[in-house]
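Please keep the model open while reading.

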Amino acid sequence: MAERSTAAVDVADNSGDEPLAATAAKATADGVDTQNARLSTDEPATEPDGERRTAAGTATPDLHSGHKLARRYRLEECVTRLDGFSSWRAVDEKLRRAVGVHLLPADHPRARSVLAAARSSALLGDPRFVQVLDAVEENDLVYVVHEWLPDATELTALLAAGPLEPHEAYQLVSQVSQAMAAAHREGLAHLRLTPGAILRTSTGQYRIRGLAVNAALRGITSDSPQRTDTEAIGALLYAALTQRWPYENDAYGLSGLPKGVGLLPPDQVRAGVHRGLGELAMRALANDGATASRQEPACTTPEELAKAVAAMPRIRPPEPAFTAPPEYQHTTYQQGTYQQGPYGRPNPRPGTPAAPIVAPPPPLQSRTGRVLKWGVGALLIAALGLGSWQLADTLLNKSNQNPGTSQNQPPSNNGNELPKKIEAKPLPISRATVFGREPIKPEAAGKAVDGDPESGWITLKFIGHANFGNLPAYEDGSGIVVDLGSVKNVTGLEVEFNGSGHTAELRAAGPDAGARPTSVSGFPQQISKPGTAERRLKSTLDTPVKTRYVLIHITELPRTEDGYRGGVLDVKVLGADL
C-alpha cells in the first residue's frame with residue numbers, strides 16, 4: 001500500500017487532464033470580488049468570509065471520525081465541510097504523525113483537477129510550502145494528504161492579536177514573495193493566498209499551504225495568476241501593518257476600509273506604520289503603484305515584489321525591552337515606629353539619648369591572641385620544611401636507580417598487558433533518523449543504512465542558496481544520525497552521497513549520551529573536519545572514539561540543474577564492541 005501511495009504522488013497525471021502549467025494558469029485567485037480573479041462557473045456560492053465559490057452539485061462524502069483510508073490514515077476531526085468536499089485532521093498510523101486530508105467524491109466535477117494540482121504541487125518539493133504527501137483515487141473517493149504542523153499559527157490568529165511589528169511584517173512579505181516567485185518559475189500558482197493559508201512556525205519561518213490545491217478544490221480561476229498572487233501578497237502585508245483588510249468588505253476577522261474612499265495608504269489608516277513597507281504594499285495592490293509621497297512602478301509579479309523587498313534597507317528586530325527591577329520594599333519591622341538608620345540599624349526615638357558606641361578591641365591583640373598567632377606561624381614553617389625534605393629525598397632515589405637499565409625499554413604499564421590494536425569490522429546499525437529542527441523526509445532515513453546503494457535519503461530541492469535555501473529552520477544544516485544501539489568503539493566511517501559537492505563533516509556523541517542529541521553541540525567528538533566531499537567520504541581514526549550516535553552533518557548541498565539538492569545513499573560504521 002505504501003508503494004502505491006508514494007507512486008501516486010511521484011508520477012504525473014496521465015488521465016487526459018490538462019498539464020499542471022495550464023491548470024495553474026487557470027488555477028486560483030483570492031475569491032474576494034475586488035481582486036483579479038473569476039469563478040469557473042456562473043453560479044457562485046457565498047461563504048461567511050465574503051468569498052465566492054463555484055457551486056458543486058455533488059454531496060460531501062458522509063464519513064465520520066475513526067474512518068480509515070487505505071488502512072493507514074485515520075480521520076480524527078472535520079475542520080471544513082464545504083461545496084462537495086471536506087477537510088480533516090487525521091493520523092498516519094504507519095508513521096505515527098498528524099496529517100491533513102482533503103476528501104471529495106470521485107465523480108465530483110473538480111476531482112480530476114484536484115488530483116492533478118496535488119500531484120504537481122508535490123513535485124515542487126519546496127520546504128517553504130506545506131508538502132503534499134499523497135494524492136489517491138480509491139473506492140469512489142479522491143483524497144489528498146498533506147503535512148499537518150501542530151506548532152504553527154495561522155496569520156489569521158496573529159492578526160487577531162494586533163498588527164505585526166515592522167521586522168515581522170518584513171519577514172512575512174520577504175519569505176512569501178520569494179516562495180511564490182519560485183513556484184511561478186515552475187508554472188504553479190496559488191491564487192488563494194489568504195491569512196488562513198499562511199502559517200508561522202515556532203522557528204519564525206512562514207509556510208504556505210494549499211498551493212494550487214485550495215484553488216482547485218473551490219474551482220477558482222484567474223486570467224492573470226501572477227498578478228493575482230502578487231496582489232494577494234500585498235493585501236497580506238497591508239493587513240499585517242494596519243490590522244485592516246484593504247477592501248471595503250470585512251473578511252478573515254478583519255474590518256474593511258470605509259466605503260467610498262478607495263484604497264488608503266497604510267499610514268493614513270494607522271499611525272506609526274513603517275514607511276517603506278507601506279509603500280511596498282501599495283505597489284503590490286491594484287493601484288498602479290501610486291502613493292502620496294512618490295511614484296514607483298507597480299509590482300505585477302511575485303518576482304518583482306521579491307526584488308523590491310530585497311532592495312529595501314534591512315529591518316532589524318526590535319531590541320528586547322529592559323525591565324527595571326521593582327523598587328525595594330521595606331519590611332513591616334522597618335516601617336514601624338523606629339526610623340531606618342544606616343545599614344538597617346534603627347534610629348532611637350526622638351528625645352532618647354543615644355547610647356555611646358564602644359569600639360571593639362583590635363583582633364588578636366590580647367596575650368592569648370599573640371600566643372596563638374606565633375603558634376600557627378611555627379606550624380607553617382615546620383610543614384614547609386618537611387615537604388622540602390620529602391621532595392629532595394624522592395629526587396635522590398630516582399637518580400640512584402640501576403644505571404644499566406636500557407632507556408629504550410618500553411614502559412611496563414604497571415604490570416598490565418599492553419593495549420591490543422582494535423580489529424575494525426562493520427558495526428550493526430540499530431536505526432537511522434534525520435537531523436535538524438524540521439527533519440527533511442524522516443520516513444526515508446532508513447534507506448541510508450539498508451545496505452542498498454540504489455536507494456537512499458534524498459533532501460528536498462532548495463532554491464537560491466546552498467545552505468538549505470538560507471531558511472531559519474535549517475540554520476544548523478541537516479543529515480543522518482546513526483544509532484548503533486549501544487556504546488561502541490568506532491574507528492572509521494564510510495559514507496556514500498548521491499553526488500559530489502556536499503559540504504559535510506562526521507561527528508560523534510559522547511559515550512554518556514543517554515538519548516539521541518538534537519543539536520550539533522550534542523556531538524562533541526569530531527571524526528572528520530568540515531569540507532567539500534566527493535561522492536564517497538571515508539574517514540579512519542588512529543584512536544577509536546566511544547559513542548552510540550554518529551552524525552553525518554551536511555551544511556551545504558550540491559547544485560543541480562534547477563536548485564540545490566543532496567542526499568545519503570549508504571553509511572557504514574567500522575569499529576568493535578567495548
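On a 1 Å grid over the protein atoms alone, a cavity is a set of points where a 1.4 Å probe fits but cannot get out, whereas a pocket is an open set with protein on both sides within 12 Å along at least five of seven lines; lining residues have an atom within 4 Å of a point. Grid points are joined across faces, edges and corners, and a volume is the space filled by probe spheres set on the points. The model is predicted, so local features need pLDDT of at least 70 and side-chain atom pairs count only at pLDDT 80 or more, while totals for chains, interfaces and linings use all residues. Residues are numbered from 1 along each chain as its sequence is written, and side-chain values use heavy atoms, with hydrogens and water left out.

The protein chain has 578 residues, of which 45% count as buried (under 20% relative accessible area; exposed is over 50%, and partly exposed lies in between, with a 1.4 Å probe and protein chains only). Its secondary structure comes to 11 helices and 23 strands, where helices (H or I, at least four residues) and strands (E, at least two) are DSSP runs numbered from the N terminus. Among contacts (heavy atoms within 4.5 Å) between residues at least 6 apart in sequence, 69% join residues at least 24 apart.

A search of the whole structure for cavities of 30 Å³ or more finds one. The largest cavity holds about 30 Å³ of space, and S121, L124, F129, V130, Q131, V132 and L211 line it. Five of these lining residues are nonpolar, two are polar and none is charged; in this classification Ala, Val, Leu, Ile, Met, Phe, Trp, Tyr, Cys and Pro are nonpolar, Asp, Glu, Lys and Arg are charged, and the others, Gly among them, are polar.

The second largest pocket has a volume of about 770 Å³. It is lined by 35 residues, and those closest to its centre are T80, E154, G196, R209 and N214. Elements that each supply at least two lining residues are β5, β6, β7, β9 (141–147) and α6 (213–218); α6 gives the most, with four. By class, the lining of this pocket divides into 17 nonpolar, 11 polar and seven charged residues.

The structure holds 25 salt bridges, each a side-chain nitrogen of Lys or Arg within 4 Å of a carboxyl oxygen of Asp or Glu. In one of them, R110 pairs with D83, with the closest N and O atoms 2.9 Å apart. R110 lies in the loop between β7 (97–105) and α3 (111–124) and D83 in the loop between β5 (73–82) and β6 (85–92), so this pair ties together parts that are 27 residues apart in sequence. Both R110 and D83 are buried.

Another salt bridge joins the side chains of K461 and E186 (3.6 Å, N to O). Because K461 lies in the loop between β16 (457–458) and β17 (478–497) and E186 in the loop between α5 (166–185) and β11 (198–200), the pair ties together parts that are 275 residues apart in sequence. K461 is buried, with a relative accessible area of 7%, whereas E186 is partly exposed at 38%.

R207 forms a salt bridge with E438, the closest N and O atoms being 3.7 Å apart. This pair links distant parts of the chain, 231 residues apart, with R207 in strand β12 (residues 206–208) and E438 in the loop between β15 (431–435) and β16. Both R207 and E438 are buried. Salt bridges also link K68, R74, E76 and E93 in a network.

Most residues other than glycine have a negative phi. Phi of K441, by contrast, is positive, near 45 degrees; this residue is found in the loop between β15 and β16 and is partly exposed, with a relative accessible area of 30%. F468 also has a positive phi, near 55 degrees. F468 is found in the loop between β16 and β17 and is buried, with a relative accessible area of 0%.

In soluble globular proteins, nonpolar side chains tend to be buried together. A nonpolar core is a set of buried Ala, Val, Leu, Ile, Met, Phe, Trp, Tyr and Cys residues joined through side-chain atoms within 4.5 Å. The largest such core has 63 residues, among which M180 and I198 touch the most other members. Helix α7 (residues 225–242) gives the most to this core, with nine residues. Leaving aside neighbours within four places in sequence, the contacts of I198 include E154, L172, R207 and L236. Apart from this core lies another, of 38 residues, among them A445, Y474, L541 and V545.
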